[in-house]
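Here is a short briefing to read alongside the model. Please keep the sequence and the 3D view open as you go.

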Amino acid sequence: MQNIFDEEPKPENRSILFKDDEPYIRKRLKRSNSNRIFFGVCAGLAEYYNINPNIIRLIFALSALLGGLGVVAYTILFLFIPANDSINNAEVSSKAQLLNNKILLGITLIIIGFYFLIIPPNYFPFLFWIKIPSTLLFPFVFLLIGIWLQKNYRSISLSNSQRKFQRPLEGRLLLGASIGLAQYFGAHTIIVRFLFILFAFTTLGFGIILYLLIALLSQPKEVVIIDE
Amino acid sequence: MNRVSPLALTFIVLGVILFLKLFGEIIASETHIYGNMLLFYGIVSVFMNMGKQRKGVLFLGVFSFMLGVLLYVMNNFDIMSTNRMILPALFFIFGSGFLFIYFDDLSETIFLIISILLILAGYFTFAFYDSFELIRFSASISKKTLDYWEYLFIIIGVGIITDRRI
């Protein structure tokens, strides 16, 4: 499996030029089409500066909390950076789409957590310098999320849930019940694991009994070995 | 595949209602609005995903509906002690989620067993709250944990981003 922090920037925004009869690659700043989550601004910047797109995404997301600075910056960059037309949207693989959805979910949870943790109500109003009240933030954000979800309904609906509940023996930490449930629900394993820990903690160990019960009652998933 | 996403629809309706509330067209508390939206999403989601092998969305729908019911009860009735509600509510919510997963696929009896166990645990913690010190202690831990939900969101978010699996 590929680590998302080891992502190599894609060479789609490059053109080969000749200087003193020597070929050299000139990079152009363009919005990414193959690795985008919203409009491909962060991925485009990452490809241009040859860094990990998730770092730029996280910086933008957290700066959005600073009175909406990140949102304004993103909008301006979206308007001024041209789109990359060399790669068609249809070429974006379902795996890349799932990875982007996963990153988006993670970033959204971090933003929500930080917003309610560090910003007291009305202390740091959204877009304060142009006097837009913070009370407008939530309805506006909810509408945007709703429209975005509807627009990307097909790609978000990509789910890898399996039909039969089984406990995989590969990649497990303890008995594999969390991975089994995650695969059955088409959810992220880390969420299921965390919920088990939280449930065990808040119910004084009942979560552990539940985990053991699920592990005992479920069938282990057989590992298929393919001979070459 | 359905053409309208229940989650997208819920967010759009929620945004419109909050805008109307802002301009004074709707007079309702935010808890009331969020509770009703959770109920709305829960019902639509369960209706649309039942029997379609979308277990995760189905579970989320039931979870959302039960959370909406909890908010409705807490908003409309005078609850003497919220501590008493939290632990049984947790058990009932997860138990109902697993029960619907069983209804979706009757061959998975494991989820029926889990749901019965969770619902019984919910009933037990509610009925014997005053009798056992351990249940009261556990309920206070649950309350404290839920008070710091922002940290939980950040931890899960970081976990998802750094997780290697897709």
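Chain A has nine helices and four strands in its secondary structure. Please bear in mind that this is a predicted model. Reading from the N terminus, the order of elements is β-β-α-α-α-α-α-α-β-α-α-α-β.

**The chain as a whole**

- Of the 228 residues in chain A, 41% are buried.
- The accessible surface of the chain amounts to about 13,600 Å², and carbon and sulfur atoms supply 65% of that area.
- If you take the contacts in chain A with a separation of 6 or more, 52% of them join residues 24 or more positions apart.

**Where two helices cross**

- Helix α7 of chain A covers residues 177-185 and helix α8 of chain A covers residues 189-202; their axes come within 8 Å and cross at roughly 125 degrees.
- An angle of 65 to 115 degrees would count as roughly perpendicular and one over 145 as roughly antiparallel, so α7(A) and α8(A) are oblique to each other.
- The crossing of these two helices, α7(A) and α8(A), is right-handed.
- On the α7(A) side the residues that meet the partner helix are Ser178(A), Ile179(A), Leu181(A) and Ala182(A), while α8(A) brings Thr189(A), Val192(A), Arg193(A) and Phe196(A).
- By type, the residues in this contact of α7(A) with α8(A) are five nonpolar, two polar and one charged.

**Ile81(A), a loop residue**

- You will find Ile81(A) in the loop that lies between α3 (69-80) and α4 (94-118) of chain A.
- Is Ile81(A) buried or exposed? Its relative accessible area is 8%, so Ile81(A) is buried, given that the cut-off for buried is under 20%.
- Setting aside residues up to four places away in sequence, Ile81(A) touches Leu29(A), Lys30(A) and Arg31(A).
- Although 52 residues separate Ile81(A) from Leu29(A) in sequence, the two are 6.9 Å apart in space, C-alpha to C-alpha.

**Tyr115(A), a helix residue**

- Tyr115(A) sits in helix α4 of chain A.
- With a relative accessibility of 18%, Tyr115(A) counts as buried, because the limit for that class is under 20%.
- Which residues does Tyr115(A) contact, leaving aside its neighbours within four places in sequence? They are Leu65(A), Leu137(A) and Phe138(A).
- Pro53(A) is 62 residues from Tyr115(A) in sequence, and the C-alpha to C-alpha distance between them is 22 Å.

Note on methods:
Residues numbered from 1 in each chain as written. Chains lettered and ligands numbered in written order. Predicted model: local features only at pLDDT ≥ 70, side-chain atom pairs only at ≥ 80, totals over all residues. Heavy atoms only, no water. Axes fitted to C-alpha atoms, helices over the stretch in contact; angles between N-to-C directions. Parallel < 35°, antiparallel > 145°, perpendicular 65-115°, else oblique. Left-handed = near helix turned anticlockwise from the far one by under 90°. Contact = heavy atoms within 4.5 Å. Nonpolar A, V, L, I, M, F, W, Y, C, P; charged D, E, K, R; others polar. Buried < 20%, exposed > 50% of the residue type's maximum accessible area, 1.4 Å probe, protein only. Areas by Shrake-Rupley, 256 points an atom, 1.4 Å probe, with all protein chains shown as cover.
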